[in-house]
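Please walk me through this model in the viewer, one selection at a time. Tell me what to pick next and what is there.

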Amino acid sequence: MKNKKILLLGAVLFVLLAAVGGFFYFGQKNADSGSQNKGTIRVGSKDFTENLVVAEIYSLALEHNGYKVERAENIGSSLIHNAITSDDIDLYPEYTGTGLLSVLGEKMQTDQKKVYETVKSKYEEKYQLTWLDYAQANDSQGLVIRTDKAKELGISTISDLQAHAFELRFASQGEFDQREDGLPGLEKTYGKFNWQSSEVYDNSLKYTVLKNNEADVTPAYTTEGQLVDTDEYTLLEDDKQFWPPYNLAPVVRDDVLKKYPEIKEILNKVTATLTTEKVTKLNAKVDVDKEDYKKVAKEYYDSIK
């Protein structure tokens, strides 16, 4: 009798353990199904901080919504368009001005909406690629001046800068002095910049040069992380709208959108949160505070999801 009781107790325990195990397995299977069953998306990114961060935010959004993501990081800016048209990646963050000028070779335009409409229609026609919604974030070119000098001379626009150029030392990056979208084009729009002096510096040193009072003005991109320090640096208003807009937007293969139509809404929701100020702060966390870009992207996505 004692042996029968032991056998019966063992059988009951086995059934209970099997039931509990099955419950946890089923629960785990359901929990994992969202991240495994919807499909795989290949997300590319260019080889600079901002694009890496934004691509990672898009990747996290897709993973959060049940997709597996394969990341193709640090693709050269001159190569990434070929990567998506060659079906090596499915999507990546691009800039409207880059699409207009560098990829399509169109004439310069300065109206945000018109630039977007041009790249959207021509990418569809030529490459079967879709531009999703564009962000308010605009990583355009610009000019930065030391804040103390801006206050001293009352400079807030590029027109102001041109009028006071003879009092200012210019820190160029060399090619800026020759490019049509650099100083030559600026001078066609604003007039001659008769700098007090002009020296060529490596791009990576430009903010150090300004901070050390070795120069007063330098070319920059409008979302560079150092620009959060407004006590040191002032980004000047392009009051005559010389530079085209460079609004961020995901570019996606049409076949991928057809297969996974849901990703349009997922990515557009993320893009709608990206302002110039927010992207500048994200860049600052990586480039100034030296945080890992994936950590920065995760913190941001966790704050908006």
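Start by selecting helix 2, which gives four residues to the lining of the largest cavity, the largest share. This is a predicted model. The cavity has a volume of about 60 Å³. How many cavities of 30 Å³ or more does the structure hold? There is one.

Now show the lining itself: V43, G44, S45, L52, A55, E56, S59, R71, A72, E73 and Y293. Strand 1, helix 2 and strand 2 (68-75) are the elements that give two or more residues to it. Colour the lining of this cavity by class and you get five nonpolar, three polar and three charged residues.

Keep helix 2 on screen and move to the largest nonpolar core. The core has 37 residues. Pick I41, I57, L62, L91, V252, I263 and L274, the members with the most contacts inside it. Which elements each supply at least two residues of this core? They are strand 1 (40-46), helix 2, strand 3, strand 10 (248-253), helix 10 (254-259), helix 11 (262-271), helix 12 and helix 13 (293-304). Helix 2 provides the largest share here, nine residues.

Centre on I41 next. Beyond its neighbours within four places in sequence, I41 is in contact with L62, Y67, K68, V69, E70, D90, L91, V256 and Y260. Apart from this core lies another, of 20 residues, and L143, A165, F242 and W243 are among them. In soluble globular proteins, nonpolar side chains tend to be buried together.

W243 is one of the residues nearest its centre, along with N138, S140, T222 and D238. The lining of this pocket counts 17 residues. Its space is about 360 Å³. By class, five lining residues of the second largest pocket are nonpolar, 10 are polar and two are charged.

Go on to the largest pocket, with a volume of about 760 Å³. Select F48, S77, Y95, D139 and Y221: of its 32 lining residues, these are the closest to the centre. For the elements around it, highlight helix 2 (49-64), helix 3 (80-85), strand 3 (91-95), helix 4 (96-103), helix 9 (206-211) and helix 12 (276-287), which each give two or more residues to the lining. Which classes make up the lining of the largest pocket? It has eight nonpolar, 15 polar and nine charged residues.

Finish with the rings. A search of the whole structure finds 10 aromatic pairs. Select Y123 and Y127: their ring centres are 5.4 Å apart and their planes lie at 75°, so the pair is edge-to-face. Both residues sit in helix 5 (residues 112-127), four residues apart, about one turn of the helix. Buried or partly exposed: what is each of them? Y123 counts as buried because its relative accessibility is 0%. Y127, with a relative accessible area of 24%, is partly exposed.

Then jump to F170 and F176. Their ring centres are 6.0 Å apart with planes at 45°, so this pair is tilted. Both F170 and F176 are buried.

Methods
Residues numbered from 1 in each chain as written. Predicted model: local features only at pLDDT ≥ 70, side-chain atom pairs only at ≥ 80, totals over all residues. Heavy atoms only, no water. Phe/Tyr/Trp six-rings, centres within 6.5 Å; stacked < 30°, edge-to-face > 60°. Buried < 20%, exposed > 50% of the residue type's maximum accessible area, 1.4 Å probe, protein only. 1 Å grid on protein atoms, 1.4 Å probe; cavity = no way out; pocket = protein on both sides within 12 Å on 5 of 7 lines; lining within 4 Å. Points joined across faces, edges and corners; volume = space filled by probe spheres on them. Nonpolar A, V, L, I, M, F, W, Y, C, P; charged D, E, K, R; others polar. Core = buried A, V, L, I, M, F, W, Y, C linked by side-chain atoms within 4.5 Å. Contact = heavy atoms within 4.5 Å.
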